[in-house]
Amino acid sequence: MYWIVSLQLMFGLLFALRTLIQLHEKNLISEVGYKKLYLSVVAIFFCVTDVTKFDPVLQMCAIGVTCAALLSLPFLFELRLKMRIQSEFPGFISKIILEMKAGFSFRSSIDKHLSISSEVWEKWLRSMIETRVFLRTTEDFSVHWWSIYLQELQAAEENPHLALTRLENFRQKMKVLSDFRRKSGQALAQARIQMVVMTFLYLALLVLMMTQFQIGSHRRLILASFTLFVCGQLLFWWLGRKRKWKI
Amino acid sequence: MENLAPPLSVVLQLQLEMENGHSFRESLRQMLRSHDENDFMKTIREWSVRKSHNQSTDVLVKSLTSPYRRTLLDLFERGWDGEPILEPLQSMEEEIRVAAQAELDQFIATLPFRAMIPLLLLQFPAYMLLLLGPILSDLSRQLGSM
């Protein structure tokens with residue numbers, strides 16, 4: 001029995017290692033971050049082994065769930081990177097513009113700022129600029145979320161005499177975009193907080209009622225209440241999302 | 001809600017391309033290639049196809065309900081014919097930005113009231129049902145057995 005458990009454990013650990021190495025290679029996670037995450041996964045796996053009392057079926061389920069959760073990590077880290085790039089890119093462009101106004105070329109300005117990159121987004125941007133902008137790979141990347149940033153840098157690199165104007169125009173466009181994004185985000189954040197508080201209150205009340213009364217005799221009432229609450233949450237979410245611009 | 005009003009997004013993108021030295025047609029082509037797809041972009045795409053085939057675009061323009069989008073397509077018409085439209089485009093950007101700002105402000109102002117609808121119609125009854133339902137049910141059962 002023990003060899004099955006050991007095999008499952010080894011498979012889980014190797015899968016986690018492979019997933020985290022891939023994340024690190026894609027510059028979605030720092031070296032320290034990937035080591036910390038791996039240690040957490042190791043700890044989870046050993047806790048699972050202890051809790052399941054070496055039961056192979058239970059352990060396989062627990063390791064399977066953890067591996068499935070690991071599969072969602074690339075998506076989550078990419079989302080985090082996207083948000084970081086959205087907020088940091090205007091500042092990065094401003095620094096490049098400043099250097100160019102001081103007389104440096106586009107390429108040397110970028111090199112100067114990204115050569116001392118320490119954060120994950122800076123490392124990611126550096127590798128993307130080196131491969132897609134400076135080495136000019138022929139790959140069509142217009143489908144990716146980052147294409148708007150790199151296309152502009154690529155165009156600036158191809159037209160050095162227009163680079164400064166292009167970057168200034170692009171910075172202006174991003175400023176308008178971030179102003180609108182911030183404002184609509186603030187409004188929706190309030191609604192989301194309200195939704196989370198309501199859910200916690202409801203769940204607390206549900207637990208209280210279930211401990212105070214017999215669930216069996218009030219099953220229909222609880223089900224009706226829960227359905228109403230879920231419908232309310234869905235409607236709330238839909239109202240915040242469905243709006244389209246009229247202008 | 002989309003982050004940026006589609007006409008504003010189109011104007012900014014087109015303006016960016018034209019300020020970078022491209023002609024209107026080249027800028028439009030570039031924008032259609034790289035811009036996110038939305039209902040206004042679909043209209044512009046269709047408009048562009050009709051213009052390339054020398055077909056009338058009147059019906060398409062008249063079908064638009066927003067005066068900003070209509071005016072924008074009218075301006076595109078002039079650009080397609082070779083007129084310089086960068087300056088009018090820059091003036092339009094300001095107008096559209098003000099209108100988008102006003103619409104966003106209105107959306108934010110009415111959001112708390114719209115958020116009350118699910119709260120009053122669905123969530124409040126859900127709370128009441130959970131809070132009073134079992135008590136009233138037990139009470140009625142006890143009264144019935146007396």
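Helices (H or I, at least four residues) and strands (E, at least two) are taken here as DSSP runs, numbered from the N terminus. The structure is a predicted model, in which local features need pLDDT of at least 70 and side-chain atom pairs count only at pLDDT 80 or more, while totals for chains, interfaces and linings use all residues. Residues are numbered from 1 along each chain as its sequence is written, and chains are lettered from A and ligands numbered from 1 in the order in which they are written.

**Exercise 1. Describe the make-up of chain B.**

Step 1. Chain B contains six helices and zero strands, and its pattern along the sequence is α-α-α-α-α-α.

Step 2. A residue is buried if 20 or more other C-beta atoms lie within 10 Å of its own, exposed if 12 or fewer, and partly exposed in between, with C-beta atoms placed from the backbone. Of the 146 residues of chain B, 27% are buried by this criterion.

Step 3. Two residues are in contact if their C-beta atoms, placed from the backbone, lie within 7 Å. Among contacts in chain B with a separation of 6 or more, 52% join residues 24 or more positions apart.

**Exercise 2. Characterise the side of chain B that touches chain A.**

Step 1. The contact involves 41 residues of chain B and 40 residues of chain A.

Step 2. The elements of chain B giving two or more residues to this side are α1 (6–19), α2 (24–34) and α6 (86–145). The largest share, 25 residues, is supplied by α6(B).

Step 3. Ala, Val, Leu, Ile, Met, Phe, Trp, Tyr, Cys and Pro count as nonpolar, Asp, Glu, Lys and Arg as charged, and the others, Gly among them, as polar. On that basis this side of chain B has 27 nonpolar, eight polar and six charged residues.

**Exercise 3. Locate the largest nonpolar core.**

Step 1. A nonpolar core is a set of buried Ala, Val, Leu, Ile, Met, Phe, Trp, Tyr and Cys residues joined through C-beta atoms within 7 Å. The largest has 50 residues, of which A5(B), L8(B), V10(B), V11(B), L14(B) and I96(B) touch the most other members.

Step 2. The greatest contribution to this core, seven residues, is that of α1(B). Domain 1 (2–71) and domain 2 (80–179) of chain A both give residues to the core, so it lies between them; these bounds come from an automatic or database domain assignment.

Step 3. Beyond its neighbours within four places in sequence, V11(B) is in contact with L72(B), L89(B), M92(B), E93(B) and I96(B). Another core, of six residues, lies apart from the largest one and includes L228(A), A126(B), L129(B) and L130(B).

**Exercise 4. Examine helix α4 of chain A.**

Step 1. The expected span of a helix is 1.5 Å times one less than its number of residues. Helix α4(A) (residues 73–101) has 29 residues and reaches 41 Å from its first C-alpha to its last, close to the 42 Å expected.

Step 2. A kink of about 40° occurs at E88(A), shortly before the proline P90(A); the bend is the angle between axes fitted to the seven residues ending at a residue and the seven starting there.

Step 3. Within α4(A), L81(A), F89(A), I96(A) and M100(A) are buried. Their cover includes α5 (106–114), α6 (120–134), α7 (147–158) and α8 (163–212) of chain A.
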